[in-house]
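Please read these points with the model open beside you.

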Amino acid sequence: MNIFADIRTSVIETLDALVAEGRLPSGLSWGAVAVEPPRDPAHGDMATNAAMVLAKPADKAPRDIAVELAERLTSDPRIATAEVAGPGFINIRLVPEVWHDVVAEAIDAGRSFGHSGLGAGVKVNIEYVSANPTGPLHVGHTRGAVFGDALAALLEFAGYDVTREYYINDGGAQVDVLARSAYERYREANGLSPEIAEGLYPGDYLVPVGEALKVKYGDRLLNLPEGEWLTEVRDFATDAMMELIREDLATLGVKMDHFFSEKSLYGTGRIEAAIAELKKRGLIYKGTLEPPKGKVPEDWEPREQTLFKSTEHGDDVDRPIMKSDGAWTYFAPDIAYHWDKIARGFDELIDVFGADHGGYVKRMNAAVSALSDGRVPVDIKLTQLVKLYKNGEPFKMSKRAGTFITLRDVVEEVGADVTRFVMLTRKNDAPLDFDFAKVTEQSKDNPVFYVQYAHARVRSVMRRAETMHLDWSDNARLEDEAEFTVAKKIAEWPRLIEIAARNHEPHRVAFYLYELASDFHALWNKGNDNSALRFVQEGNPQATAAKIALPRAVAVVIANGLRILGVTPVEEMR
RNA sequence: GGCCCCGUAGCUCAGAGGAUAGAGCGACCGCCUCCUAAGCGGUAGGUCGAUGGUUCGACUCCAUCCGGGGCCGCCA
């Protein structure tokens, strides 16, 4: 139940009735008619703009429509008052029973409260993380992992059929570099001193890989020319890195449905097939690009390449898919990969990239648009930088010195729950400050704590109520303003889910939970002054049952929200 | 030079085209005999970067400009 959608339906039925009676002209569109919570609670529980958006097409004064509409709306038993205000708003107040019903429904529906038919089984593929398999995941990947995972859960909650996917970049030159780096560690394991040349990966994490290579191959690969060991070492090292990455993701609670290998596209005709699709549409040609303006590379010279006419689908320049030497560019397997997703029947695609990949958005959009003839929308979400701090001091990282902070460092330091919540306290495209000290602080300054604390408070009173052997009725008795404030916030949950899902913005869930927790803490505190508002009424099981329904509903919503974010709701604070 | 993101209170940030633009921090003033004060209430603080445009209505959409960041031929 989404009370805002329900009342909107009522508004529209009323409008239809007005049309049927000739009070409004026929043929009007209700698309712009909205029923929303007002900014100022003094304006009521919800407001509709119907009269204003219909005034012009209906050729009537907004207030005339509003007066007529408002008068009829009150015949809806849920609507207590409907008043015309301002330029033509209709401010609606609902009867108290509605809010009691919301509380009962939240408790009754439990984990499914807020589920939406929005997705209606639409198949969505969400690709995230997709880090090169050349080492452990670092902080930047962590944000992408958390964001993608929360978005996936959010869409599932909203009724979408979601596939979580990771694209393994195991087809390019970087995995050869990985192989050479691992080979040096293999030599080291054999008692030789490794030569980590400039450009190789120096990290310690390859030491065990070298040792494992020794276990598998003994000394047989020593003193062989690179051509004879490269493939085997590369595959071995890549598998080891993917195993490492899977473990890293597991510590965060991220589990992919599907890993897709770039390598599987090469030599199998799959790239060729995807390019053939573009060729079929007349979007492949041979040509020479202009040099990039502004920053001209020293060694630039015009070369003829095979190009994708991405400008036909909104890109700024056409993009090379094959180099002048006949090898595919990195973009070619990307096209093939996305063609594969389309061929697998996904209705919508989402890619989560780091902000440094912003330059690829237009070309990927163009590729998907071309390959699906505009049928499959692709939304590319960029996650901005994470700046690390400790007690307000910037945390210096140096890749060269190998002192970069890994995902595992972060999770071990503050825990997966805190990591996930904090990463979602900013919009994906806003930079994020992550202070190791502050995120674990137990105070209201810390949103993770604040929301968890609200949940723990509810569980605490529920444990107390257990001892009273009361009848756990879903029927709340709401009396105080603060109680209605909380119930009304709960009523917004289903609507919030739809907005967040539609915009692909899981951070909205985190912000909402903070607001709900705030309303709840306020109510709790009111119980300090006014014992009638306490959830546990000593020696009175009936009164307690009636008062404890509301916090129970709060806990349901907080738990559902936290689960979407991938955070475990806690039973008590420790 | 081009493209993308950002610009909202002193600071960090929310804000489906709606009414008098919000929250937290910081500052100031209050609230524990009472389910966790790990909390709550109040006060102060704003030309929503600028100028035009669309609209009944613009922080929101469009254009131009200013400021900050990122990316920019065959690299991955």
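1. β4 (89-94), α4 (96-109), α15 (481-491), α16 (493-503) and α17 (507-529) each give at least two residues to the lining of the second largest pocket. α17 supplies the largest share, 6 residues. Helices (H or I, at least four residues) and strands (E, at least two) are DSSP runs, numbered from the N terminus.

2. Ground rules. This is a predicted model, in which local features need pLDDT of at least 70, side-chain atom pairs count only at pLDDT 80 or more, and totals for chains, interfaces and linings use all residues. Residues are numbered from 1 along each chain as its sequence is written, chains are lettered from A and ligands numbered from 1 in the order in which they are written, and side-chain values use heavy atoms, with hydrogens and water left out.

3. A pocket is an open set of points on a 1 Å grid over the protein atoms alone, with protein on both sides within 12 Å along at least five of seven lines; lining residues have an atom within 4 Å of a point. A volume is the space filled by probe spheres set on the points, which are joined across faces, edges and corners.

4. Domain 1 (3-94) and domain 2 (100-117 + 442-565) both line the second largest pocket, so the pocket lies between them. The domain bounds come from an automatic or database domain assignment. The lining has 13 nonpolar, 3 polar and 13 charged residues. Here Ala, Val, Leu, Ile, Met, Phe, Trp, Tyr, Cys and Pro count as nonpolar, Asp, Glu, Lys and Arg as charged, and the others, Gly among them, as polar.

5. In a cavity, a 1.4 Å probe fits but cannot get out. The largest cavity has a volume of about 40 Å³. Among its lining residues are R143, F147, M423 and H507.

6. Two helix pairs. α4 and α15 pack at about 60 degrees, with axes 9 Å apart. α8 (226-252) and α12 (407-414) pack at about 30 degrees, with axes 10 Å apart. This pair is therefore roughly parallel (under 35 degrees).

Terms used: Axes are lines fitted to C-alpha atoms, for helices over the stretch in contact, and angles run from 0 to 180 degrees between N-to-C directions. Angles under 35 degrees count as roughly parallel, over 145 as roughly antiparallel, 65 to 115 as roughly perpendicular and the rest as oblique.
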